[in-house]
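Morning, everyone. I have one structure to walk you through today. Please have a look at it first.

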Amino acid sequence: MSSGVEQHDPRACDGALAKAFTFLGKRWNGVILATLMSGPATFSGLRRAVGSISDSVLSDRLVELAGAGLVTREVCEGPPVSVTYQLTEADQSLMPVLDELADWARTHLTLQ
């Protein structure tokens with residue numbers, strides 16, 4: 001007889017954790033967030049800091065991160081007009097976790 005409560009397989013990954021890794025593991029998302037940890041940056045500043053990312057992919061990722069509520073986009077009228085990206089409060093709360101993950105990787109993973 002079923003109690004109506006869904007049983008959780010203890011070996012299954014927590015759904016929220018799987019969602020977080022899927023989002024942060026998407027190419028460039030984690031790198032962009034980590035780059036913004038040191039403070040706001042312009043589009044061109046992000047492109048230089050991130051490296052081999054194309055303008056269109058960077059633009060797509062920034063739209064995605066903004067849509068998730070992790071990054072804000074501020075247009076400064078200038079002249080010249082510039083756009084600055086920065087982390088939101090929601091993303092600020094993620095930073096200690098990313099710091100811990102980076103420490104773990106430095107200790108336990110052979111980086112190449």
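Is Leu58 buried or exposed? Leu58 has a relative accessible area of 0%. Buried means under 20%, so Leu58 counts as buried. One caution before I go on: this is a predicted model.

Where does Leu58 sit? Leu58 is part of helix α4, which covers residues 55-67. And what does Leu58 touch? Leave out residues up to four places away in sequence, and the partners are Ile32, Phe43, Leu46, Arg47 and Ile53. Take Ile32 from that list. Along the sequence, Leu58 and Ile32 are 26 residues apart. In space, their C-alpha atoms are 8.5 Å apart.

Now a second residue, Asn29. You will find Asn29 in helix α2. Its relative accessibility is 0%. The cut-off for buried is under 20%, so Asn29 is buried as well. Which residues does Asn29 touch, again without those up to four places away in sequence? They are Phe23, Leu24, Arg61, Glu64 and Leu65.

Keep Leu24 in mind, please. Leu24 comes back when we get to the pocket.

So, the largest pocket. It holds about 400 Å³ of space. There are 15 lining residues. Closest to the pocket centre are Phe21, Leu24, Gly30, Leu98 and Leu101. Which elements give two or more residues to this lining? They are α1 (15-24), α2 (29-36) and α6 (95-108). The top contributor is α6, with six residues. What classes of residue are in the lining? Twelve are nonpolar, two are polar and one is charged.

Let's step back to the whole chain. How many helices and strands does the protein chain have? There are six helices and three strands. Read from the N terminus, the order is α-α-β-α-α-β-β-α-α.

Now burial across the chain. The chain has 112 residues, and 24% of them count as buried. Leu58 is buried, and so is Asn29.

Next, contacts. Leu58 and Ile32, at 26 residues apart, touch each other.

Last, the surface. The protein chain exposes about 8,000 Å². Carbon and sulfur atoms supply 56% of that area.

That's my tour. Over to you for questions.

Conventions:
Residues numbered from 1 in each chain as written. Predicted model: local features only at pLDDT ≥ 70, side-chain atom pairs only at ≥ 80, totals over all residues. Heavy atoms only, no water. Helix = DSSP H or I, 4+ residues; strand = E, 2+ residues; numbered from the N terminus. Buried < 20%, exposed > 50% of the residue type's maximum accessible area, 1.4 Å probe, protein only. Areas by Shrake-Rupley, 256 points an atom, 1.4 Å probe, with all protein chains shown as cover. 1 Å grid on protein atoms, 1.4 Å probe; cavity = no way out; pocket = protein on both sides within 12 Å on 5 of 7 lines; lining within 4 Å. Points joined across faces, edges and corners; volume = space filled by probe spheres on them. Nonpolar A, V, L, I, M, F, W, Y, C, P; charged D, E, K, R; others polar. Contact = heavy atoms within 4.5 Å.
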